[in-house]
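Please prepare a short briefing on the fold shown below. Keep it brisk and group the points by topic.

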Amino acid sequence: MFDKLKKAFGGSSEPKAPKVEEKVEAAAPVETKAPEEPKAASAKPRIGYIHLSGCTGDAMSLTENYDILSTVLTDMIDIVYGQTLVDKWIHGTYAEEMPEMDLCLIEGSVCLQDEHSVHELLEARKKSGLIAAFGSCAMTGCFTTFARGGQQAQPKHESFLPISALVKVDLALPGCPVAPEMIAKAVVALCNGDMDYLQPAIDKAACDTGCGCDVITGVIRPGLCTGCGTCALACPTRAMGFSEGRPSCDRDRCIKCGTCYTMCPRAWLPVSRIKEDTGL
């Protein structure tokens, strides 16, 4: 199911079955037992979910999809790791070692002062074929990059970074939080190996500066903006406004969550479709 994705991302390849050596005829017939056939691995992709530093809004968006994803969650995938979706996490009550995963969804930025979070993130990269930044905090750091934590007797500054600062990210679903419809469509695309639909998410994996400028450079300048106002309505801090029927960005309000670009109906068109529509 994830073969196309793993090839595109250069992820871990499937283990090859050991070669069976040809038997050499002996001088005298010797009774030998037929070698046992190796058990077939589960066809279901193994999914993990990790929550780091964030507001759990992305997990709430995921729960809004349970009526849509009930078949996917129960019949098409195995959730093998996570403290939120399943009670299994390293150094927790039910697991001392992280299992192998085909895809790991990671929500929230990583706090460098949180040794457990750093260790869990690094371990997830080793154990996962694909890593997905799930939400803007994981992708860009979002509002957590402006936070000051550890308010004790002597307050100290804590560093919150996007997960791409520590590990390689294969795809990203930005949003503050991620829209439920975006999650559902991305899961279907993952299951179908729809690389055209997932290409923007793959491109976003290398981005850690999501802001209102993305709408200007990626939608308005290529002539794709229809003036629908979705970006302004989706902005959680009202940083996106309109001037003469086109979006504008107040950088003082922008928290670099990337929601405006994510929710724009013209931003997620495949490149081939954009070139076809614009005649480029």
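Phe 134 has Leu 173 in β7 as its bridge partner. β5 and β7 pair in the parallel sense over 3 bridges; two strands count as paired if DSSP finds at least two bridges between them. This is a predicted model, in which local features need pLDDT of at least 70, side-chain atom pairs count only at pLDDT 80 or more, and totals for chains, interfaces and linings use all residues. Residues are numbered from 1 along each chain as its sequence is written, and side-chain values use heavy atoms, with hydrogens and water left out.

**Overall make-up**

- The protein has 11 helices and 9 strands. Helices (H or I, at least four residues) and strands (E, at least two) are DSSP runs, numbered from the N terminus.
- Of the 280 residues of the protein, 44% count as buried. Buried means under 20% relative accessible area, exposed over 50%, and partly exposed in between, with a 1.4 Å probe and protein chains only.
- Among contacts in the protein with a separation of 6 or more, 73% come from residues 24 or more positions apart. A contact means heavy atoms within 4.5 Å.

**The sheet**

- Five strands form an open sheet with parallel pairing, in the order β2-β1-β3-β5-β7.
- β2 (78–81) and β7 (171–173) stand at the edges with a single partner strand each, so one side of each has no neighbour in the sheet.
- The twist averages 30° from one strand to the next. Axes are lines fitted to C-alpha atoms, for helices over the stretch in contact, and angles run from 0 to 180 degrees between N-to-C directions.
- Strands of a sheet pair through backbone hydrogen bonds, either parallel or antiparallel.
- β1 and β2 run parallel and are joined by 3 bridges. Here Gly 48 stands opposite Tyr 81 in β2.
- β1 and β3 also run parallel, joined by 5 bridges. The bridge partner of Tyr 49 in β3 is Leu 105.
- β3 and β5 are parallel too, with 5 bridges. Leu 103 stands opposite Leu 130 in β5.

**Enclosed strands and the aromatic pair**

- In β3, 7 of the 7 residues are buried, so this strand is largely enclosed by the rest of the structure.
- In β5, 7 of the 7 residues are buried, so β5 is likewise largely enclosed by the rest of the structure.
- How many aromatic pairs are there? The count comes to 1 aromatic pair. Rings of Phe, Tyr and Trp (its six-membered ring) pair if their centres lie within 6.5 Å; planes under 30 degrees apart count as stacked, over 60 as edge-to-face and the rest as tilted.
- Tyr 49 and Phe 134 form this pair edge-to-face, at 6.1 Å centre to centre and 75° between the planes.
- Tyr 49 lies in β1 (residues 46–51) and Phe 134 in β5 (residues 128–134), so the pair ties together parts 85 residues apart in sequence.
- Tyr 49 and Phe 134 are both buried.

**Helix α4 on the sheet**

- Helix α4 (residues 115–127) lies across β1, β2, β3 (101–107) and β5. α4 runs at about 135° to β5.

**Helix α6**

- The 13 residues of α6 (residues 180–192) should span 18 Å at 1.5 Å a residue, and the end C-alpha atoms are 19 Å apart, which agrees. The expected span is 1.5 Å times one less than the number of residues.
- Its buried residues are Pro 180, Met 182, Ile 183, Ala 184, Ala 186, Ala 189, Leu 190 and Cys 191.
- Ile 183 has a relative accessible area of 3%.
- The C-alpha atoms of Ile 183 and Phe 134 are separated by 9.3 Å, although these residues are 49 residues apart along the chain.
- Gly 193 follows α6 and has a positive phi, near 65°.

**Helix α8**

- Asp 214, Val 215 and Val 219 are buried in α8 (residues 213–220).
- These residues cover an arc of only 95° around the axis, which puts them on the same side of α8. The arc is that of the directions from the helix axis to the C-beta atoms.
- What covers the buried residues of α8 includes α7 (195–204), β8 (240–243), β9 (246–249) and α10 (259–263).
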